[in-house]
Amino acid sequence: AATYAVAVAASPMNESWKQRIFDLYAPDLESPGPDEKEAVFTARAALKYCRQNAVEGSSLSRLISSGGNECLKIMLIWSCNAFEGGALYEMTSRVNHSCNPNAIVRESSEVSGAGAKSQEDSTKPGNQQLVAASSIRAGEEIFISYLGIFVYAAGSIRLDQLRKSKHFTCHCNRCNSTDQAAAVPCPSCHPRVNGRYLDEEVQYDDEKAVHYAYPKNAESSTQSFRCRHCHDSCNAAGQLTLVAKVSDKVTDRFVGKSSDDGRNTDSDAANAEHEIDGQLFHLASSVLGARHWTTNLVALSILERQLSAIHSATLMGEAAPDLTELAECIDTLQRLWDFVGDLDLHLDPGHLLSGPTIGVARALVSLGDIKSRKYAAQWVKKVEAYVRAFEGEGMRKVVESLIKAWERDDLEEVAYEEMAEALEEKDLVSNKRARTS
């Protein structure tokens, strides 16, 4: 409200500018919907605070003195339409949400080559671009996600985040369908140890023999699950309470995490995060199994940290990656690809997994032998199409170098130097969730 007040004071005659802002959606002050009431209540409380604390004669004080409704409305417009960081955009702030988006919003400085209109567009700060993330037919509505990393979460979490941050209940096709991200091993087919913990073979599901239970839709994920094998319904309060408790713990871990760059320079804090992630992963996998969103997003966080350490050690000229650790990274990465594939989203899996996939490929290439380099090329080809469509020229060169690395004898001298330079500019093992709006 204060920023808006200063802007209005600086350009009081620009009524068309004000009108474009006020054309954005905001709840009705007199009759807000059920999900909007809290937002209106909070805005009124904020207005009361501003009245009591605004400096007399300031732009904010003058805005409030006009009656307050203009101030209230701009608060609500900001709450309902702002992107991460608090910015409003005339075009992209109007794009509707879906939990299965077909497009993403990116800062224009992140897009070059085919994704940018011009060199000026690709470097001009503060601009956004709406980028297709799948094939979109003529006349089909374009949707983005307001959820960030939580677009990969269970329906109950998605609904809760949207109600809190954007003040509406989503009824998209995904929310009205079977909730794949909430899958848990069927309690009837796979009884828990002490009613809580999964047997190890069920927990990891290496043989793909586990029978899973799913909520019917997003709303029912806190009420009941139904097994596709035995068709039993699980609505026992104990089991659902466990699901909710673990989900809440993991949600708390990831709230706000998408706004950082994935790299914590404080070693003590980084070690604490690593320990927390390890505990959460053990809890999620032992209680909710291999296909649940909590297990997979925590696994992704751990994988990113492992690959970052491997990358740093390699650049410093230390020993080649430990084969056991690298095998664990590859196993985790495959599980993540399976998880994202099961969600069947319009978003390309590379949107989440291109960084870790290329990070694993780099670690394989650094081993030096032909077999490892060929295996690296197989992994990179999984994200090649995504990188060519959505990443810049530097990243495309990295992918090309990794795919061809097994053909080259001058790996240490040429290919690795190219990769290191590009990867220093943009951390490959940081995931792309901050780009999903």
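Predicted model: local features only at pLDDT ≥ 70, side-chain atom pairs only at ≥ 80, totals over all residues.
Where is the place of Ser98?

Close-up 1. Ser98 sits in the loop that runs between strand E1 (96-97) and strand E2 (103-107). Its relative accessibility is 7%, and because buried means under 20%, Ser98 counts as buried. A polar atom of the Ser98 side chain lies 3.0 Å from the backbone nitrogen of Asn100. When neighbours within four places in sequence are left aside, the residues in contact with Ser98 are Phe143, Ile144, Ser145 and Cys172.

**Close-up 2. Packing of helix H3 (residues 37-53) with helix H5 (residues 69-81).** The two helices pack at an angle of about 130 degrees, and their axes are 9 Å apart, which makes H3 oblique to H5. The crossing in which H3 passes H5 is right-handed. On the side of H3, the contact involves Ala39, Val40, Ala43, Arg44, Ala46, Leu47 and Cys50, which meet Cys71, Leu72, Met75 and Leu76 in H5. Divided by class, the residues of the contact of H3 with H5 comprise 10 nonpolar, no polar and 1 charged.

**Close-up 3. Packing of helix H14 (residues 370-381) with helix H16 (residues 393-404).** Here the angle between the packed helices is about 140 degrees, with the axes of H14 and H16 lying 7 Å apart. H14 contributes Ala377, Val380 and Lys381 to the contact, while H16 contributes Val399, Leu402 and Ile403. The contact of H14 with H16 has 5 nonpolar residues, no polar residues and 1 charged residue.

Conventions: Residues numbered from 1 in each chain as written. Heavy atoms only, no water. Axes fitted to C-alpha atoms, helices over the stretch in contact; angles between N-to-C directions. Helix = DSSP H or I, 4+ residues; strand = E, 2+ residues; numbered from the N terminus. Parallel < 35°, antiparallel > 145°, perpendicular 65-115°, else oblique. Left-handed = near helix turned anticlockwise from the far one by under 90°. Contact = heavy atoms within 4.5 Å. Nonpolar A, V, L, I, M, F, W, Y, C, P; charged D, E, K, R; others polar. Buried < 20%, exposed > 50% of the residue type's maximum accessible area, 1.4 Å probe, protein only. Polar contact = N/O pair within 3.5 Å; in protein donor to acceptor, adjacent residues only side chain to side chain.
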